[in-house]
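Here are my notes on this one, point by point. Have the viewer open while you read.

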Amino acid sequence: MTLVIESPLADKIVLVTGGGSGLGAELGRTLAAAGAHVIAADIQTGPLARLVAEVRDLGGRIEAAELDVRDAEAGQALIDAIVARHGRLDVLVNNAGTDKTLAVDELSVDDIDRVLAVNLRGPFVLSRAAFPRLRAQGGGYIVNIVSTAAKRAWQNASAYHASKWGLLGLSHALHVEGRPFGIKVTALLAGGMRTPFILDRFPDTPITNLQDPRNVAETIRFLLAMPGESVVPELMVVPMRETSWP
């Protein structure tokens, strides 16, 4: 008797925003290795091209899509194009994110509008575009990459906190609306990771206080592989030496 192990993610069509670097790139590598067909979307095309070449060299299936998540029409067009080309969309990971690290009285209205547009409006726009597709095919999965910033607050991050607290609320609302149609929604609250998002802005951050983004990517792979009868609406993954979480 031969034991046959099948990947539950084999041939799943997965869209990852912010897919060119950091956690998004690790998701591309991890999910493609698990058998998924990944569409990595990002506003920066250079990192996307390098990721696609890397994953394909290892035998993974991945394609690149240029996307500014602030552009609602482009987001809708990308979802439509994916479904037209592949026949379905199984997973949407809203990972694209940005920040403006300034005190509240130094932030401009344009600053907070941009952070909210990327971190909160973008996930709403893409989830709204994906929802009817997932409902029509009998189910699917939306993962929103939130942050411990949705549970606590620290200085000079009011725009980021507002966006991530809002994204946590949106995630739970989508969870409630999606369950009757087999649509799973998880808010994944990630603690500090060794990614450009932190290290480019705070280069003095001790590496030992941050976690490998691959650990978070593997957690998401586990979530996507869970049996259909169960869902995790909210999950936090922090480094063992996380300083922003007790």
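In which helix is the place of I220?

1. I220 sits in helix α7, residues 213-224; helices here are DSSP runs of H or I with at least four residues, strands are E runs of at least two, and both are numbered from the N terminus. Before going on, bear in mind that this is a predicted model, where local features need pLDDT of at least 70, side-chain atom pairs count only at pLDDT 80 or more, and totals for chains, interfaces and linings use all residues. Residues are numbered from 1 along each chain as its sequence is written, and side-chain values use heavy atoms, with hydrogens and water left out.

2. Is I220 buried or exposed? I220 is buried, at a relative accessible area of 0%; the classes are buried under 20%, exposed over 50% and partly exposed in between, with a 1.4 Å probe and protein chains only. Setting aside residues up to four places away in sequence, I220 touches L27, V143, I145 and L188, where contact means heavy atoms within 4.5 Å. A53 is another matter: 167 residues separate it from I220 along the chain, and their C-alpha atoms are 23 Å apart.

3. On the overall layout, the protein has 7 helices and 7 strands. Along the sequence they run β-α-β-α-β-α-β-α-β-α-β-α-α-β.

4. What about the dimensions? For 246 residues a compact globule would have a radius of gyration near 18 Å, and the 17 Å of this protein agrees with that. That radius is taken over C-alpha atoms, and the globule rule is 2.2 Å times the number of residues to the power 0.38. The C-alpha atoms fill a box of roughly 60 × 35 × 35 Å along the principal axes.

5. Buried residues make up 49% of the 246. Of the contacts with a separation of 6 or more, 70% come from residues 24 or more positions apart. The accessible surface is about 11,800 Å², with 54% of it belonging to carbon and sulfur atoms; these areas come from the Shrake-Rupley method with a 1.4 Å probe, and for residues only the protein chains shown count as cover.

6. Helix α5 covers residues 158-178, which is 21 residues, and spans 30 Å from its first C-alpha to its last, close to the 30 Å expected at 1.5 Å a residue. The expected span is 1.5 Å times one less than the number of residues. Among the buried residues of α5 are Y160, H161, L167, L168, L170, L174 and G178.

7. G178 turns up again with R135: the two are 43 residues apart in sequence and 7.9 Å apart in space, C-alpha to C-alpha. R135 belongs to helix α4, residues 109-136, and is partly exposed at 39% relative accessible area. Beyond its neighbours within four places in sequence, R135 is in contact with F181 and I183.

8. Two backbone angles to look at. Most residues other than glycine have a negative phi. D11, in the segment before β1 (13-17), has a positive phi near 70 degrees and is exposed at 52%. N156 is not a glycine and has a positive phi of about 60 degrees; N156 lies in the loop between β5 (140-145) and α5 and is partly exposed at 36%.

9. R152 lies in the loop between β5 and α5, and is partly exposed at 37%.
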